Amino acid sequence: MNLKKMITDYSAYNLSANRQLVNWLSNQPEEKLQKEVPSSFKGVLPTLNHIWAIEEMWCAHLFKNQDAVNRYGMRDLNSQEVFEGVLHRSAVIAEKVNQLSDEALIQNSYIKTPWFETNISIAEYLQHLFNHGTYHRGQIISMAHQLGFTEIPSTDFLFFSLTIANQ
């Protein structure tokens, strides 16, 4: 497997996992999506908004997107807006990743943020982005268990890969 295929597969997985999560969450009671639950963020919707915020930030940094929106510090979250936003940005990232060449993936890019300063490859930043989403989707699943949600989807990369392999 080459780098291009791996990163492209992960971008497709990220979109698929976010889509599964949003489809499932959109059938949950709004009051539970808004309810505070002990975690690194205050609940399901703030955690999903954080995933969206980070995807916006990385899309702006890596692809110089001018339409990225700043989601940091957002309060009074609207579930439909967050659902649509995270899916839109994940789809844009998947599309942009598909357009990258092998050479572009291995190019280093200097980035300085309030949290870090580094100069690593585009592929490494993307791998971090996809891993970040996986981490926080896991938190959402844990919160969902605490809130009594049922029929929780499996958003594991392995099951995504098996689905693709069997098509």
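Predicted model: local features only at pLDDT ≥ 70, side-chain atom pairs only at ≥ 80, totals over all residues.
**Notebook: patches, rings and bridges**

Residues are numbered from 1 along each chain as its sequence is written, and side-chain values use heavy atoms, with hydrogens and water left out.

I placed Phe159 in helix H7, residues 157-165. Helices (H or I, at least four residues) and strands (E, at least two) are DSSP runs, numbered from the N terminus. Phe159 has 42% relative accessibility, so I put it down as partly exposed. The scale goes like this: buried is under 20% relative accessible area, exposed is over 50%, and partly exposed is in between (1.4 Å probe, protein chains only).

Next I looked up Asn23, which sits in helix H1, residues 3-25. Asn23 is partly exposed too, at a relative accessible area of 44%. I also checked Asn23 against Gln34: they are eleven residues apart in sequence and 17 Å apart in space, C-alpha to C-alpha.

**Entry: the two strands**

Strand S1 (residues 108-112) and strand S2 (residues 117-121) run antiparallel, and I found five bridges joining them. For strands to count as a pair, DSSP has to find at least two bridges between them. A hairpin of four residues takes the chain from S1 to S2. Across the pair, Tyr110 stands opposite Asn119 in S2.

**Entry: aromatic rings**

I used this rule: rings of Phe, Tyr and Trp (its six-membered ring) pair if their centres lie within 6.5 Å, with planes under 30 degrees apart called stacked, over 60 edge-to-face, and the rest tilted. The count came to eight aromatic pairs. In one of them, the ring centres of Tyr10 and Tyr13 are 6.2 Å apart with planes at 85°, so that pair is edge-to-face. Both tyrosines are in helix H1, three residues apart, about one turn of the helix. Tyr10 is partly exposed at 22%, whereas Tyr13 is buried at 4%.

Tyr13 also meets Phe160: their centres are 5.8 Å apart and their planes at 55°, so I called this pair tilted. Tyr13 is in helix H1 and Phe160 in helix H7, so the pair ties together parts 147 residues apart in sequence. Phe160 is buried, with a relative accessible area of 13%. I then saw that Tyr10, Tyr13, Phe157 and Phe160 form one aromatic cluster.

**Entry: salt bridges**

How many salt bridges does a search of the whole structure find? It finds two, counting a side-chain nitrogen of Lys or Arg within 4 Å of a carboxyl oxygen of Asp or Glu.

Asp9 bridges to Lys5, with the closest N and O atoms 2.8 Å apart. Both lie in helix H1, four residues apart, about one turn of the helix. Lys5 is partly exposed at 42%.

Arg89 and Glu56 make a salt bridge at 3.1 Å, N to O. This pair links distant parts of the chain, 33 residues apart: Arg89 is in helix H4 (residues 79-99) and Glu56 in helix H3 (residues 44-63). Are these two buried or exposed? Arg89 is buried at 1%, and Glu56 is buried at 3%.
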